[in-house]
Amino acid sequence: MNSLRRASCPNLVVTTDLDVNRVLLLRRVVSAFSSVADRALEAAGLDLTYVQWISLRMLYWQGASRAAELAGKHDTDAGALSRMLARLEDKGLVQRRRAVRDRRCMSVSLTPEGRGVAQRASEVVQAVDEAFQKGLRSDERLILLYLLRKTKHVDQSAPVNAEQR
């Protein structure tokens, strides 16, 4: 790591092993982003969390969806998603209905109010995203996006061998 750091990132200072653990760093960034986005959404007068906005955004772009599909795209279990959808339904932002083809499935869609809130919240979250990337040049933003997408598509079922480093 030291030779790589000196050659490609001369200003990078590593103080602990946790500073080079990419997953922990990503988790810290996501946690910080979520906290800042929650505060920004609240300051904008939107009774919505960042996690709730993710579901609204998915429904906004995809239209009605099955609850199970949302849970899979949200990387959460069906129970947690169901509780969140109930809160959004209580706020009048989504509606849930039994699917016509399969009565066991729930179809979720935005209400007209939910579409408006999703649009306003997207502007708030976009501003937070811009603030988080303010220190990056445009080429660095593209590289970050490329690397995150590339990492996202790693085969999660592949066995990991610590000796392959």
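Author: Helix 4 and helix 5 pack with their axes 9 Å apart and at an angle of about 110°. Here axes are lines fitted to C-alpha atoms, for helices over the stretch in contact, and angles run from 0 to 180 degrees between N-to-C directions. Helices are DSSP runs (H or I, at least four residues), strands are E runs of at least two, and both are numbered from the N terminus. Helix 4 and helix 5 therefore count as roughly perpendicular to each other, a term for angles of 65 to 115 degrees. From helix 4, Ala67, Leu70, Ala71 and His74 meet Ala78, Leu81, Met84 and Leu85 of helix 5; contact means heavy atoms within 4.5 Å.

The model is predicted: local features need pLDDT of at least 70, side-chain atom pairs count only at pLDDT 80 or more, and totals for chains, interfaces and linings use all residues. Residues are numbered from 1 along each chain as its sequence is written, and side-chain values use heavy atoms, with hydrogens and water left out.

Met84 also touches Gln52, a residue of helix 3. Further contacts of Gln52 are Asp47, Arg87, Leu88 and Lys91, not counting residues up to four places away in sequence. Gln52 has a relative accessible area of 5% and is therefore buried (under 20% relative accessible area; exposed is over 50% and partly exposed in between, with a 1.4 Å probe and protein chains only).

Leu88 leads on to the largest nonpolar core, which has 27 residues and in which Leu48, Leu56 and Leu88 touch the most other members. Such a core is a set of buried Ala, Val, Leu, Ile, Met, Phe, Trp, Tyr and Cys residues joined through side-chain atoms within 4.5 Å. At least two residues of this core come from each of helix 2 (22-43), helix 3 (50-62), helix 4 (67-74), helix 5 (78-90), strand 3 (106-110) and helix 6 (112-132). Helix 6 supplies the largest share, 6 residues. Leaving aside residues up to four places away in sequence, Leu48 touches Leu41, Trp53, Leu56, Leu88, Lys91, Leu93, Val117 and Ala121.

Trp53 belongs to an aromatic cluster together with Phe33, Tyr50 and Phe132. Rings of Phe, Tyr and Trp (its six-membered ring) pair if their centres lie within 6.5 Å; planes under 30 degrees apart count as stacked, over 60 as edge-to-face and the rest as tilted. By this rule there are 4 aromatic pairs. One of them, Phe33 with Phe132, is edge-to-face, at 5.1 Å centre to centre and 65° between the planes. Phe33 lies in helix 2 and Phe132 in helix 6, so this pair ties together parts that are 99 residues apart in sequence. Phe33 is buried, at 12% relative accessibility, whereas Phe132, at 35%, is partly exposed. Tyr50 and Trp53 form a stacked pair, 5.7 Å centre to centre with 25° between the planes. These two residues are 3 residues apart in helix 3 and are thus separated by about one helical turn. Trp53 is buried at 8% relative accessibility, and Tyr50 is buried at 17%.

Strand 3 takes part in strand pairing as well. Strand 1 (residues 65-66) runs antiparallel to strand 3 and is joined to it by 2 bridges, two strands being paired if DSSP finds at least two bridges between them. Ser65 has Val108 as its bridge partner in strand 3. Strand 2 (residues 94-98) is likewise antiparallel to strand 3, with 5 bridges, and Arg98 is partnered with Met106.

Definitions and conventions:
Angles under 35 degrees count as roughly parallel, over 145 as roughly antiparallel, 65 to 115 as roughly perpendicular and the rest as oblique.
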